[in-house]
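Student: I'm new to this structure and I'd like to learn how to read it. Can we go through it feature by feature?

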Amino acid sequence: MELELSGKRALVTGSTAGIGRAIAARLAEEGAEVIVHGRTTARVEEAIAAIAPRAKIVRPRGLVADLATAEGVARAIAEVPEVDVLVNNVGAYEAVPLESLERANWERLFAINVISGAELARHHLPRMLARDAGRIVFISSESALQVPSEMIHYGATKAAQSALARGLAELTRGTRVTVNSVLAGPTRSEGVERFVGELAQARGTSEQDVEAEFFRTVRPTSLIQRFLQPEEIADVVAFLASARGAAISGAAVRAEGGLLKGAF
């Protein structure tokens, strides 16, 4: 399927590893000019080197900025003032019990998971509307609907992301601009790889056994009973970012392996 992404400029935040890197690579394969974002020059350059051989037309370029800060967002806008596709993927999570949650925990996660994307959208959405073309995708999580008790503040930020995406989509009425969120399920990202490997080593068992136990006890409602691959989320995002995804707007697209119960 031709996605018609050749020549489009795409900014993927938090794209030095995991889902973000997979999205950046997928869009580059489709011919988009991809801006790889991270907080350090070393990580950004390493990601670009890995993605560049897969780029169909244009070598990816980098953006180094801490989007949890107003200064970092301002830098991102100054260095990349115009995009056709904005993927708000950058995010953080942490497991903290309710009684240990402090204001700083809430502020940190909301700053990076929600406010960074809101501020980038505030800049880019009006420009997309003026051109009558553009795509914004927020990478949310199944935790937006099935909030994990061990990280309630994380679930709250993911719910806020999807609400934000829907609100922004309301501003696109009658245009060819779309805004969506993707409810990603547990994915074998860099952090998950490390967690699974360390737990397997500590228990003297295999990573496959650790994964099976996780889905048996922690996420038993999953229908696929495995971690998603980052590339599987990237495929969904590439479709939403493309001309082929024009009919989908204001949606929270489920890509969580059937973990969420209910048909709607």
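Tutor: Let's start with one residue and its place in the chain. This is a predicted model, and in it Leu98 sits in the loop between strand S4 (85-88) and helix H4 (103-131).

Student: Is Leu98 buried or exposed?

Tutor: The idea is to compare the relative accessible area with a cut-off: over 50% is called exposed, and under 20% is called buried. Leu98 has 54% relative accessibility, so it counts as exposed.

Student: Let me try the cut-offs on Glu71 and Val44. Where are they, and is each one buried or exposed?

Tutor: Glu71 is part of helix H3 (residues 70-79). With a relative accessible area of 62%, Glu71 is exposed. Val44 belongs to helix H2 (residues 41-51), and its 4% relative accessible area makes Val44 buried.

Student: How do I relate distance along the chain to distance in space?

Tutor: Put the two values side by side for a pair. Glu71 and Pro126 are separated by 55 residues in sequence, with their C-alpha atoms 21 Å apart. For Val44 and Val237 the separation is 193 residues in sequence, and C-alpha to C-alpha it is again 21 Å.

Student: On to salt bridges. What should I look for, and how many are there?

Tutor: Look for a side-chain nitrogen of Lys or Arg within 4 Å of a carboxyl oxygen of Asp or Glu. The structure has 23 salt bridges. One of them pairs Arg9 with Glu33, where the closest N and O atoms are 3.4 Å apart. This pair links distant parts of the chain, since Arg9 is in strand S1 (residues 9-12) and Glu33 is in strand S2 (residues 33-38), 24 residues apart.

Student: How accessible are Arg9 and Glu33?

Tutor: Arg9 is partly exposed, at 27% relative accessibility. Glu33 is buried, at 18%.

Student: Which residue does Arg219 pair with?

Tutor: Arg219 forms a salt bridge with Glu142, and the closest N and O atoms are 3.5 Å apart. Arg219 lies in the loop between helix H7 (207-217) and helix H8 (230-241), while Glu142 lies in the loop between strand S5 (134-141) and helix H5 (152-170), so the bridge ties together parts 77 residues apart in sequence. Arg219 is buried at 11% relative accessibility, and Glu142 is buried at 3%.

Student: What about Glu207 and Arg188?

Tutor: Their side chains meet in a salt bridge of 3.9 Å, N to O. Glu207 is in helix H7 and Arg188 is in the loop between strand S6 (177-184) and helix H6 (190-203), 19 residues apart. Glu207 counts as partly exposed at 33%, whereas Arg188 is buried at 14%. Salt bridges can also share partners, and here they join Arg188, Glu193, Glu207 and Glu211 into one network.

Notes:
Residues numbered from 1 in each chain as written. Predicted model: local features only at pLDDT ≥ 70, side-chain atom pairs only at ≥ 80, totals over all residues. Heavy atoms only, no water. Helix = DSSP H or I, 4+ residues; strand = E, 2+ residues; numbered from the N terminus. Buried < 20%, exposed > 50% of the residue type's maximum accessible area, 1.4 Å probe, protein only.
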